[in-house]
Amino acid sequence: MNEPAATVPSPFRRDTSVERLNELSRGTAMEPLGIVFTEIGHDFVRGTMPVDERTRQPYGLLHGGASVLLAETLGSSAGNLCVPEGRVCVGIEINANHVRAVRSGNVIGTARPAHVGGRTQVWEIRIEDEAGELVCISRLTLAVISAR
């Protein structure tokens with residue numbers, strides 16, 4: 001039986017804030033796409049992205065590549081909160097299944113750990129529409145390396 005989240009230790013080693021994560025996004029790919037970190041929980045990082053002219057493909061639907069960028073942003077950011085000083089996480093593999101079309105509004109992504117190890121991490125990122133319906137499910141594998 002799974003233990004309630006409150007009794008399981010948080011994987012996060014580094015203290016940060018939503019404001020700090022959003023600061024780090026300035027001048028990066030996240031800024032022009034409108035990706036905003038909105039919440040850091042006990043074992044998750046959450047953010048939003050608008051579905052508009054910046055993130056839609058020519059047929060008027062949320063672009064799968066934009067969903068993947070959101071997923072990797074959330075998973076990598078969460079992963080980097082789990083490593084000690086002097087170490088960083090970098091993406092080595094990501095996959096995504098796009099299961100529902102979205103034409104407007106915002107999507108909400110939530111990254112949760114599947115595995116947090118000393119050399120690799122695996123994160124599951126669920127992207128949902130504003131009604132809470134699954135839009136995309138992604139799995140991100142990170143390598144933990146020395147911060148040079």
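This is a predicted model: local features need pLDDT of at least 70, side-chain atom pairs count only at pLDDT 80 or more; totals for chains, interfaces and linings use all residues.
Residues are numbered from 1 along each chain as its sequence is written, and side-chain values use heavy atoms, without hydrogens or water. Local features need pLDDT of at least 70 and side-chain atom pairs count only at pLDDT 80 or more, while totals for chains, interfaces and linings use all residues.

View 1. R103 is exposed, at 52% relative accessible area (exposed means over 50%, buried under 20%, with a 1.4 Å probe and protein chains only). Leaving aside residues up to four places away in sequence, R103 touches V51, R56, Y59, G60 and L61 (contact means heavy atoms within 4.5 Å). Look at Y59 again: its backbone oxygen lies 3.5 Å from a polar atom of the R103 side chain. As for R13, 90 residues apart from R103 along the chain, 37 Å separates the two C-alpha atoms.

**View 2. S67 in helix α3.** S67 belongs to helix α3, residues 64-80 (a DSSP run of H or I, at least four residues). With a relative accessible area of 2%, S67 is buried. Beyond residues up to four places away in sequence, S67 touches M49, L62, H98, I127 and C136.

**View 3. I92 in strand β3.** Our last stop is I92, found in strand β3. I92 has 54% relative accessibility and so counts as exposed.

Key
A polar contact is a pair of N or O atoms within 3.5 Å; within protein, one must be able to donate a hydrogen and the other to accept it, and residues adjacent in sequence count only if both atoms are side-chain atoms. Helices (H or I, at least four residues) and strands (E, at least two) are DSSP runs, numbered from the N terminus.
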